[in-house]
Amino acid sequence: MEATAVLSDTETALYNRQGYLALKSLCPPEEVELIRATLMGLFESRTGYEEGAQYDFVGRDDPSKPARFPSMHDPRHYAPELVKTAYFQRALALARQLLGENAALYGEHALLKPGLAGPETPWHQDEAFRSPDFEYKELSIWLALQPVTAENGCMQFIPGSNKYEVLEHRSPGGDKALHPLECCADFPRELAVPAPLEAGDCTVHHMRTLHYTAPNTSPTPRLAYILIFNTPPVYKPGRREFPWLEGRWTDSQTRRKLWHKRGGLAIDVMRRLPSARLTSPRWVAWAAIRAVNKVWKSKPPAPAQQASIKETV
Ligand SMILES: O=C(O)CCC(=O)C(=O)O
């Protein structure tokens with residue numbers, strides 16, 4: 001084990017074997033409070049909603065109603081203090097230990113599962129959301145910001161599913177305007193292992209590990225903050241297809257597109273520039289291909305198509 005290692009050799013071997021790990025106290029209590037208060041403030045003020053950063057994770061966005069499952073992407077763009085923590089440095093060191101020295105932050109996600117009515121997050125593999133034209137090395141670190149159990153929506157995993165290929169997924173109810181994807185292939189759901197945690201503990205999971213969180217049946221909301229790290233993806237076109245990604249278009253993408261047209265594009269580029277990995281040709285190729293696809297291929301479905309999507313739900 002190296003001097004700076006966050007994980008012991010035993011923990012690393014366990015991660016490689018089962019595709020996930022639970023780790024105690026990766027985030028100190030004062031930073032749990034800071035991250036929690038910061039994220040709750042962003043959710044309460046709906047910061048970034050018009051820019052597409054906040055959305056309902058399980059339903060269509062309706063600004064006149066509270067979201068059923070409030071969710072936010074990349075909150076550091078609105079609260080940079082989130083990644084100026086000792087916790088972030090430990091998470092980065094952990095990611096580098098498992099993925100290699102060229103691992104860096106890919107994105108963040110905050111998920112506030114309301115008490116009593118907070119819906120499930122369907123079984124899925126994170127790689128099912130990514131372009132099939134690249135090869136990836138990616139993991140997520142899921143931080144509990146209060147104690148979590150199966151009753152309020154702790155992470156649950158299928159051990160060893162990190163060794164699977166990407167299985168078939170679909171949009172819940174066939175509605176391609178929704179954010180989640182659900183795995184619709186056969187897999188041994190009976191092997192699911194819940195990972196209960198205390199506040200400040202984390203789970204780490206591989207991007208192919210099947211995972212799920214149950215509805216929150218407790219009276220209080222469950223807040224989680226997820227850091228996603230990767231190495232620059234390698235372009236490998238034509239190897240596989242992810243048909244479930246075709247035609248997906250969420251309400252938050254529509255808002256983001258409108259914001260970009262109104263001048264937000266320059267702001268977005270400026271926000272992302274500090275984390276651009278410009279010295280990595282692989283990263284630059286990935287970013288360029290992604291940008292071209294965003295401009296040319298990602299379009300909202302025509303109104304007629306949207307109507308037929310709603311009819312099938
Ligand atoms: O917290 C949740 O409900 C789901 C989180 C998740 O799917 C992830 O971190 O990849």
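## The core

In the largest nonpolar core, which has 57 residues, the members that touch the most others are A91, I141, L143, L145, V204 and A224. Here, a core is a set of buried Ala, Val, Leu, Ile, Met, Phe, Trp, Tyr and Cys residues joined through C-beta atoms within 7 Å. The elements giving this core two or more residues are β1 (20-23), α2 (29-44), α3 (86-99), β4 (104-113), β7, β8 (155-157), β12 (202-206) and β14. In soluble globular proteins, nonpolar side chains tend to be buried together.

This is a predicted model, where local features need pLDDT of at least 70, side-chain atom pairs count only at pLDDT 80 or more, and totals for chains, interfaces and linings use all residues. Residues are numbered from 1 along each chain as its sequence is written.

## Around the ligand

L111, T121, D126, S140, W142, G153, H211, T213, A224 and I226 surround the ligand. β7 (138-144), β13 (211-213) and β14 (222-230) each give two or more residues to this shell.

Now look at A224 again: leaving out residues up to four places away in sequence, A224 touches L111, W142, L143, A144 and L145. Touching means that the C-beta atoms, placed from the backbone, lie within 7 Å.

## The whole protein

There are six helices and 15 strands, taken as DSSP runs (H or I, at least four residues, for helices; E, at least two, for strands) and numbered from the N terminus.

Buried residues make up 35% of the 313; buried means that 20 or more other C-beta atoms, placed from the backbone, lie within 10 Å of a residue's own. The C-alpha atoms fill a box of roughly 55 × 50 × 40 Å along the principal axes.

Conventions. Near = placed C-beta within 6 Å. Buried ≥ 20, exposed ≤ 12 C-beta atoms within 10 Å, placed from the backbone. Contact = placed C-beta atoms within 7 Å.
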